[in-house]
Amino acid sequence: MIVKLLMGTILLTQILLVIAMAFATFRVLRGPRAQDRVLGMDTLYVTATMLLLTFGIRTGSILYFEAALIIALLGFVSTAALAKFLMRGEVIE
Amino acid sequence: MTHLAEIPAWAAVLTAVLLLTGAVLTLIGTVGLLRFDSFYQRVHAPTLGSTLGIGCILLASMLFFSVLESRAIIHELLITALMVVTTPITLMLLARAALYRDRTEGSDEVPPPPSD
């Protein structure tokens, strides 16, 4: 009973998160401008972090947490670099 | 899924509620990202997911693993701290970059400057 409840909830959570990622991907693909695409990428990183955490709960493994941490870290760096690029036309001056 | 059977009922229900809350909030945020009209409206929407959404899911993960292994597992606080620190920085950088680009192009989408 409890296992069924948890499995069903985790599956539903993952489906909702994948739909959210699909919306963000649509924003990345359709623009209309560069800053919208960067915003979509940032949302995609956050949602991917959450999806990996739910994978971790599902399998009971700590390994997924580390992947989620790395995605969150790289998401920050890449969004900051892209915003700098949009502002100045260069990342490292 | 043997490890799921070792979880007591209260922890399972709490984990399920937290997971669903986080996912639904994230979905609402991305619907806003999809449907709002201008960039300055859209930049607000996904923060629903990157604050409360990921917060709920991190709480669910902390609760689940702490109960599963009968000791406090709080390394999810790393992601929490990272998100709390980085989300405002990235979105402010991005909004300022967009404002700069729109102003130099003379776009009429730019919100007016503060009055005082």
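What follows moves from whole chains to the contact between them, then to single helices and residues.

**Before you click**

This is a predicted model, in which local features need pLDDT of at least 70 and side-chain atom pairs count only at pLDDT 80 or more, while totals for chains, interfaces and linings use all residues. Residues are numbered from 1 along each chain as its sequence is written, and chains are lettered from A and ligands numbered from 1 in the order in which they are written.

Colour by confidence to start: pLDDT is the predictor's confidence in each residue, from 0 to 100. Chain B averages 86, and 98% of its residues score at least 70. For the complex, the predictor gives an ipTM of 0.87 and a pTM of 0.88.

**Stop 1: chain A**

You'll find 3 helices and 0 strands, in the pattern α-α-α along the sequence. Helices here are DSSP runs of H or I with at least four residues, strands are runs of E with at least two, and both are numbered from the N terminus.

Along its principal axes, the C-alpha trace spans about 55 × 25 × 10 Å. The radius of gyration of chain A is 16 Å, whereas a compact globule of 93 residues would be near 12 Å. That radius is taken over C-alpha atoms, and the globule rule is 2.2 Å times the number of residues to the power 0.38.

How much of chain A counts as buried? The share is 41% of the 93 residues. Buried means that 20 or more other C-beta atoms lie within 10 Å of the residue's own; exposed means 12 or fewer, partly exposed is in between, and the C-beta atoms are placed from the backbone.

**Stop 2: chain B**

Switch to chain B. It has 4 helices and 0 strands, running α-α-α-α from the N terminus. Its radius of gyration is 19 Å, well over the 13 Å that the globule rule gives for 116 residues, so chain B is more spread out than a compact globule. Its C-alpha atoms fill a box of roughly 60 × 25 × 25 Å along the principal axes, and buried residues make up 34% of the chain.

**Stop 3: where the chains meet**

Show both chains and pick out the contact: 46 residues from chain A and 50 residues from chain B. Two residues are in contact if their C-beta atoms, placed from the backbone, lie within 7 Å. On the chain A side, helix H1 (2-30), helix H2 (34-59) and helix H3 (63-88) each supply at least two residues. The largest share, 17 residues, comes from H1(A).

**Stop 4: the cores**

Now select A:Leu53 and B:Ile57. Of the 40 residues in the largest nonpolar core, these two touch the most other members. Such a core is a set of buried Ala, Val, Leu, Ile, Met, Phe, Trp, Tyr and Cys residues joined through C-beta atoms within 7 Å. Leaving out residues up to four places away in sequence, A:Leu53 touches A:Tyr64, A:Phe65, A:Ala68, B:Ile57, B:Leu58 and B:Ser61. A second, separate core of 10 residues includes A:Val38, A:Leu39, A:Leu86 and B:Phe39.

**Stop 5: along H1(A)**

Zoom in on H1(A). Its end C-alpha atoms are 42 Å apart, which agrees with the 42 Å that its 29 residues should span at 1.5 Å a residue; the expected span is 1.5 Å times one less than the number of residues. Its buried residues include A:Leu6, A:Ile10, A:Phe23 and A:Arg27. Among what covers the buried residues of H1(A) are H2 of chain A and H1 of chain B. Just after the helix, A:Gly31 takes a positive phi of about 70 degrees.

**Stop 6: two residues in chain B**

Go to B:Leu48, in helix H3 of chain B. B:Leu48 is partly exposed, with 18 other C-beta atoms within 10 Å. Setting aside neighbours within four places in sequence, its contacts are B:Leu25, B:Ile28, B:Gly29 and B:Gly53.

Finish at B:Ser70, in the loop between H3 and H4 of chain B. Its phi is near 55 degrees, a positive value in a residue other than glycine. Most residues other than glycine have a negative phi. Is B:Ser70 buried or exposed? B:Ser70 is exposed, with 8 other C-beta atoms within 10 Å.
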